[in-house]
Amino acid sequence: MNGAQRLPLGDSTEQALSRATEFLRSARDADGWWNDYEVRGPGQFWATAFVGASLAELPGGPGRAAAVSAWELLKQARGPSDGWGYCPQVPGDADITSWVLRLAEALDASRDARAEEGYRFVAAHLQDDGGISSYLPKIAAPFLDRVAPRWDAWYASHACVTAAAAGLLELPVHERLLDRLREIQRPDGAWPAYWWPDREYPTALAAEALTAGRPADVPSEVRPAARWAAARIGADGAVRTEWEPEGSAFATAFALRAVLAGAPEDRDTVRRAVSYLLDSQEKDGGWRPSAWCRVPGPMEWDPDAREHWERGRRGKAALGSVVLDTRALYTTASVVAALARANAAAVAPAAGATTGQQAGQ
């Protein structure tokens, strides 16, 4: 961007990232894995992939080194399929495999033979509608059928999974996923989610996927997404959600990412969100858990229509419940990635911003 300048966020952001990195590094188990959530035991592959990919957003230092270690662990790990799943005992799914591959791409490891297996695995989940499903029957049925006879909704394409996979530049079906995201964007500018009650998550991932490789040309779909996300960020910088009415660091982090993707010139909104995240950091360097994930029923096509969700159930009883990252790893990693992007963001000069805003009207 001609005339671009670094967004002035101050040393406090660097200090927060340093403290958060130490919180995450110290949270690994004896073998180097991150473990979070409690659905069927801790989500070892899931948490390690997501935390690793988030730390890989950092330009260097101990966080980046921890991301490299996470990739080395995941590269050597293999569950019941070529992909990665919730934990070693659970069949692979396209969502968690996408996060492993996002980690690999961030580390320039996409040509690794194990990563290439992962790309083929994710591409095989492409559905007729152009989206990516979480599971394939031929892989997941032997495991899932122990709980219920049909899992049609879990085998369908999911917007949040499609958005995560669309961020993979090396994925063979990348362009088809972008087309699907354009088709399913909501009138308000956001994207829906299947596994998450907070739409900030898929909206940020979709906006970033659509802008990847186009730093000087924000696509028309992304401007409305950024406006939606900016409107979600309150006067104090917090995004308030149904599950976190006092403010969600997780939702705020992804709303911030959506604004950075589609309206990086909106400095006031960026500063408010960053300030809230910095102010809400805990003494130990992490953030209070707020990454609620939902577990819809196997035939539940529209989880947004459900009126009542149980909290924190496990195993077979987890169906119909929302679960929290009780160890705060998912939330903290989300904030790390958002702050890293904010810290590295370049903002177009005012004249260019005005032109871009008019083009997105």
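Here are some notes on this predicted model, from the overall fold down to single side chains.

Before the details, some ground rules: residues are numbered from 1 along each chain as its sequence is written, and side-chain values use heavy atoms, with hydrogens and water left out. As the model is predicted, local features need pLDDT of at least 70 and side-chain atom pairs count only at pLDDT 80 or more, while totals for chains, interfaces and linings use all residues.

1. Overall shape. Along its principal axes the C-alpha trace spans about 60 × 45 × 45 Å. Of the residues in the chain, 61% are buried (under 20% relative accessible area; exposed is over 50%, partly exposed in between, with a 1.4 Å probe and protein chains only).

2. Secondary structure. You get 15 helices and five strands; these are DSSP runs numbered from the N terminus, helices being H or I with at least four residues and strands E with at least two. Among contacts between residues at least 6 apart in sequence, 72% join residues at least 24 apart. Contact here means heavy atoms within 4.5 Å.

3. The sheet. Three strands make an open, mixed sheet in the order E2-E4-E3, where two strands pair if DSSP finds at least two bridges between them. E2 (293-295) and E3 (310-311) are the edge strands, each pairing on one side only. E2 runs antiparallel to E4 (residues 321-323), over three bridges, and Val295 stands opposite Ser321 in E4.

4. Aromatics. Rings of Phe, Tyr and Trp (its six-membered ring) pair if their centres lie within 6.5 Å; planes under 30 degrees apart are stacked, over 60 edge-to-face and the rest tilted. That rule gives 20 aromatic pairs. Take Trp33 and Phe45: their ring centres are 5.5 Å apart and the planes are at 40°, so this pair is tilted. Trp33 is in the loop between helix H1 (11-26) and helix H2 (44-55) while Phe45 is in helix H2, so the pair ties together parts 12 residues apart in sequence. Both count as buried, Trp33 at 10% relative accessibility and Phe45 at 2%. Elsewhere, one aromatic cluster includes Tyr37, Trp46, Trp196 and Tyr330.

5. Charges over rings. The charged end of Arg114 sits over the ring of Trp84, 4.1 Å from its centre. Arg306 does likewise over Trp309, at 4.7 Å. The test is NZ of Lys or CZ of Arg within 6 Å of the ring centre and within 35 degrees of the ring normal.

6. His125. Look in the loop between helix H5 (113-123) and helix H6 (137-144). His125 is buried at 0% relative accessible area, and its side chain reaches the backbone oxygen of Phe121 at 2.7 Å. Beyond four places in sequence, the residues touched by His125 include Ala94, Gly131 and Tyr135.

7. Thr252. This one is in helix H12 (residues 249-262) and is also buried, at 0%. The side chain of Thr252 reaches the backbone nitrogen of Val239 at 2.9 Å. Thr252 and Ala273 are 21 residues apart in sequence, yet their C-alpha atoms are 6.6 Å apart. Ala273 is among the contacts of Thr252, along with Tyr276 and Leu277.

Terms used: Polar contact = N/O pair within 3.5 Å; in protein donor to acceptor, adjacent residues only side chain to side chain.
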